Amino acid sequence: MFATTQRSHLCGALRLSDAGTAVTLGGWVHRSRNLGGLVFIDLRDREGLLQVNFGPDWAGADVIAAAAAVGVESVVIIEGTVMPRPAEMRNADLATGEVEVQATSIRVVGPAVTPALPVARGKNDKLPAEELRLRHRYLDLRRPELQANLMLRHRLLQVTRRFLSDRGFLELETPILTKPTPEGARDYLVPSRVHPGEFYALPQSPQIYKQLFMCCGFDRYFQLARCFRDEDLRQDRQPEFTQIDIEASFIGREDIMALSEELVACIWREAGHEVAAPFQRMSYADCMERYGCDRPDLRYGLEVHDFTASFATLDFGVTRSVIDAGGRVRGIRVPGGAAWSRKQVDELEGLAKSAGAGGLLRVKKAEGKLEGPVAKFLTPEAEEALALADGDLALLVAATDRISSPALDRVRQECARRLGLVDEHARHFLWVTDFPMFDKDPVTGALAAVHHPFTAANADDVAQYPDAPEKWRALAYDCVLNGLELGGGSIRTSDPRVQSRMFTLLGIGDEAEQERRFGFLLEGLRAGAPPHGGIAFGFDRMSMLLSGGTSLRDVIAFPKTTAARALFENAPTTVPAADLAELNIRSTVDGE
């Protein structure tokens, strides 16, 4: 398959069965060892490493001298014969460890300067700083670990395409230069040269286009879609990313979820893991109540409990004022937490405060006695509700749910880490369903879409609460694994009148404004739209998890830093004023 006029085999593909075969190999010099008249080169290509032996019994003195002079990372073409290694010289750590090539010629076709960072590393060698590796990404990508990650990514892409194609989905492309539309993050804007003062946007997702495909009658669509969002970066975020984008007609929530479970199982199987379906399900309300989070990690317990009823009668000002104002007292029981030092618990309180809480109320039970600032106020009923065993610690937050939920979520995760409850090998998939349709601003009362403006509402809720949209649940669903969101989707609004009302509820109330911003979608819906819905999975995140990586940069060939910079090419960069003028743009940076 890989044979060309310049190469007969891949280095890493040779085995003992190839012994006696004359070969021509091309690759990079990984390591070189000169033993005085005998030179060994570890030759590397994408398939792996192979030992090449330049010895006086088969190679001339000039060939041995040339081999000794070649620098690491130079590209060479070598001719020779595959031979078994002596039994005592075999390397069980290499797939090619039973053979070597006795080389008769070497030709340097790509001389290399001394590399800015080493590609060859010992088992205990630390990686260079990430910034240096990103600056010299062309070297970093030669590392076998990263090459294995990107080859796995390729396989996952192909198995996704096969899976969906076999089920009647059509791979259809959508525009990259699109119309700016609000989807929860800032758009990357592209100025138009031929239309002065007007801009395209890079797509945050193909959402509207895939709905239009359903209006066009294509019935089933998918795309390995490139998407762009101008938002703050984290380890699991990049400004440009790939998602598995899916949409289908004449389907309901159960259809999409069943298809998604099959797809996830297929992708995980390609990486060597079996996944059991159906996945566990939990409503958004249950997730927030029990875990304080809409993507809970179910590899451990430490559930959140409501202690409001038992604390309502306490003569304790902090909890009484919160409860009187409509808040609650909620918290977690930490087994063995009573042994933690004051400093350790203060660190947990810092996490709660970083999430907006005023602090943590602490009660611990040591040698049968309850201790802590609130302990002396507890009634027998409150003590019974806390249900602390000896050595346990209760960590409580008195606040509204909007504050206590994220605070307790962070505390819960850190407690699980400290207690060693997180099984890194366990996989707990979860469907989170019945999200609220809207989030209501507690100050202004304005509504915002929890997912996006095109999600359909639960028809029963609309009928029961026609004038209280904040009580509506969305026909939305998220797929979660171990506390990470893998993907999310919804059944869409297919009635143009209902879609227009959704826009009105979100403050896009003027008909002319709706037509200006979303007219092309509304026109498509008015032309006749089937019931439809879909889902999008974060492909980069899936690849990261299946490769064992800790950052999306481990599975993206040329990623950005957390400052959204591409160090290997020095982007973004300034543009000459003349180029900006051609686009009718003037920079205001540095007074320009």
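Biologist: Is phenylalanine 169 buried or exposed?
Modeller: In this predicted model, phenylalanine 169 counts as buried, at 4% relative accessibility. The residue lies in the loop between helix H4 (144-166) and strand E6 (170-171).

Biologist: Which residues does phenylalanine 169 touch, not counting residues up to four places away in sequence?
Modeller: Phenylalanine 169 touches Leu164, Arg220, Tyr221, Phe222, Ile246, Glu247, Ala248 and Leu259. As for glutamine 223, its C-alpha is 9.4 Å from that of phenylalanine 169, although the two are 54 residues apart in sequence.

Biologist: Leu259 brings me to helix H6. Which residues of H6 are buried?
Modeller: They are Ile256, Met257, Leu259, Ser260, Glu261, Leu263, Val264, Ala265, Cys266, Ile267 and Trp268. Just after H6, glycine 272 takes a positive phi of about 95°.

Biologist: Which residues touch the most other members of the largest nonpolar core?
Modeller: That core has 36 residues, and Ile244, Ile246, Ile267, Trp268 and Phe537 touch the most other members. Helix H6 (residues 253-270) gives the most to this core, with nine residues.

Biologist: And what is isoleucine 267 in contact with, leaving aside its neighbours within four places in sequence?
Modeller: Isoleucine 267 is in contact with Leu156, Val159, Thr160, Ile244, Met542 and Leu546. There is also a second, separate core of 23 residues, which includes Val63, Ala67, Ile78 and Val82.

Biologist: On to helix H5. How many of its residues are buried?
Modeller: Helix H5 (residues 207-216) is mostly covered, with eight of its 10 residues buried. These are Gln207, Ile208, Lys210, Gln211, Leu212, Phe213, Met214 and Cys215.

Biologist: What do the buried residues of H5 pack against?
Modeller: They pack against strand E9 (220-228), strand E10 (240-249), helix H15 (511-526) and strand E22 (532-538). Just after H5, glycine 217 takes a positive phi of about 90°.

Biologist: Let us turn to charges. How many salt bridges are there?
Modeller: The count comes to 47 salt bridges. One of them joins the side chains of aspartate 346 and arginine 362, at 2.7 Å, N to O. Aspartate 346 lies in helix H10 (residues 342-354) and arginine 362 in strand E14 (residues 361-366), so the pair ties together parts that are 16 residues apart in sequence.

Biologist: Is arginine 362 buried or exposed?
Modeller: Arginine 362 counts as buried, at 15% relative accessibility, whereas aspartate 346 is partly exposed, with a relative accessible area of 32%.

Biologist: What about arginine 33 and aspartate 42?
Modeller: Their side chains meet in a salt bridge of 3.4 Å, N to O. Arginine 33 counts as partly exposed, at 31% relative accessibility, while aspartate 42 is buried, with a relative accessible area of 11%.

Biologist: Which residues are linked in a network of salt bridges?
Modeller: Arg121, Arg133, Arg137, Asp140, Arg143 and Glu145 are linked in such a network.

Biologist: Finally, the sheets. In what order do the five strands of the open sheet come?
Modeller: The order is E12-E13-E16-E14-E15, with antiparallel pairing. Strand E12 (305-306) and strand E15 (369-371) stand at the edges, each with a single partner strand, so one side of each is left without a neighbour in the sheet.

Biologist: How many bridges pair strand E13 with strand E16?
Modeller: Strand E13 (residues 328-334) and strand E16 (residues 393-399) pair over seven bridges. Within that pairing, glycine 331 stands opposite leucine 396 in E16.

Biologist: And which strands pair with E4?
Modeller: Strand E1 (residues 22-34) runs antiparallel to strand E4 (residues 75-84) and is joined to it by seven bridges. Strand E5 (residues 99-110) also pairs with E4 in the antiparallel sense, over 10 bridges. Glutamate 79 stands opposite serine 105 in E5.

Technical notes
Residues numbered from 1 in each chain as written. Predicted model: local features only at pLDDT ≥ 70, side-chain atom pairs only at ≥ 80, totals over all residues. Heavy atoms only, no water. Pairing = 2+ DSSP bridges. Helix = DSSP H or I, 4+ residues; strand = E, 2+ residues; numbered from the N terminus. Buried < 20%, exposed > 50% of the residue type's maximum accessible area, 1.4 Å probe, protein only. Contact = heavy atoms within 4.5 Å. Core = buried A, V, L, I, M, F, W, Y, C linked by side-chain atoms within 4.5 Å. Salt bridge = Lys/Arg side-chain N within 4 Å of Asp/Glu carboxyl O.
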